[in-house]
Amino acid sequence: MTISVDNQLGLTLAPGLTLGGDDVVMMAGPCSVESYEQTRRVAEAVASAGMRVLRGGAFKPRTSPYSFQGLGEEGLTILRTVADEFGLLVVTEALAEAHVSLVADYADIIQIGSRNMQHYPLLWAAGESDKPVLLKRGFMSTIDEWLQAAEHIASRGNKRIILCERGIRTFETATRNTLDTNAISLVKQISPYPVIADPSHATGRADLVIPASRAAVAAGADGLLVEFHHDPSEAWSDGDQSLPLEDVIRFKQEVGRVAAAMGRRLI
Ligand code: PEP
Ligand code: MN
């Protein structure tokens, strides 16, 4: 893979909120949007910690077809309503090509999930959108394949791309995936796009999310996508890796110290 990079492209999401600059940008919220009340509780905690981007899935890529698949458009409505109440931006997944324009109507950032990293028609549709696209690394994809996938988006005109390292499958089974911190540092050097990390899916364990976040920030991540839930034991998806809302402030303090050591600010 030979994309040579002269300069990093900072991506301004909103006034005072740029990915790839001095700030490490938090994107926090539930794995799935379950209800208005659940999403509002999480958003309130996220906003009161000074974080500016709310995550949450309305279309869920579940390994089993019998697991909760997401609330669909109702979930998008909930996300937008709650985010507007607290002045947050929304990042949420488009699972299929047919969802891209619908998701773009409600969201500020379109997420492409790990399982879809090489779903080219979806990448092309996102590349034709005017919204930033958060491209997760396929959990069995090489760095080269990941960057080529980003090029599929860019080739359709949309260069507002955020690369997200979310853990890869290795021989290790003690954790859900393995956070590839090499990839964060390398991709920062060889790609023009901001790079963020998802420590929730990378570890699969709530007790490892803060340590993995610190490692990602130390490796140079420009942002973090993190799952929180008001009652992780009752979450409809990914409860084991979701942090409780009581940890929002602790997260900011503990990860913020590493950001400060890197000359950056966690917001
Ligand atoms: C998610 O962010 O909830 C998600 C499904 O992530 P991934 O595509 O990385 O598995
Ligand atoms: Mn999840």
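Which residues line the largest cavity?

Modeller: This is a predicted model, so local features need pLDDT of at least 70 and side-chain atom pairs pLDDT 80 or more, while totals for chains, interfaces and linings use all residues. Residues are numbered from 1 along each chain as written, chains are lettered from A and ligands numbered from 1 in written order, and side-chain values use heavy atoms, without hydrogens or water.

The lining consists of Arg55, Gly56, Gly57, Lys60, Val91, Thr92, Glu93 and Gln111. On a 1 Å grid over the protein atoms alone, a cavity is a set of points where a 1.4 Å probe fits but cannot get out; a pocket is an open set with protein on both sides within 12 Å along at least five of seven lines; lining residues have an atom within 4 Å of a point. One cavity of 30 Å³ or more is counted. Volume here is the space filled by probe spheres set on the points, which are joined across faces, edges and corners.

Strand 5 (residues 89-93) gives the most to this lining, with three residues. Helices (H or I, at least four residues) and strands (E, at least two) are DSSP runs, numbered from the N terminus. By class, the cavity lining has one nonpolar, four polar and three charged residues. Ala, Val, Leu, Ile, Met, Phe, Trp, Tyr, Cys and Pro count as nonpolar, Asp, Glu, Lys and Arg as charged, and the others, Gly among them, as polar.

Now the open space. The largest pocket has a volume of about 230 Å³. Of its 17 lining residues, Pro61, Arg115, Arg176, His201 and Asp238 are the closest to the centre. Its lining holds two nonpolar, five polar and 10 charged residues.

Together with Cys31 (SG) and Glu227 (OE), His201 (NE2) and Asp238 (OD) coordinate the manganese ion (ligand 2) at 2.0 to 2.4 Å. Donors are N, O and S atoms within 2.8 Å of the metal (3.2 Å for Na, K and Ca); water is not among the atoms, so sites may look incomplete. Along the chain the donor spacing is C-x169-H-x25-E-x10-D. Cys31, in the loop between strand 3 (23-29) and helix 1, and His201, in helix 7 (residues 199-203), are 170 residues apart.

Asp238 lies in the loop between strand 10 (223-229) and strand 11 (243-244). Its phi is near 55°, a positive value in a residue other than glycine.
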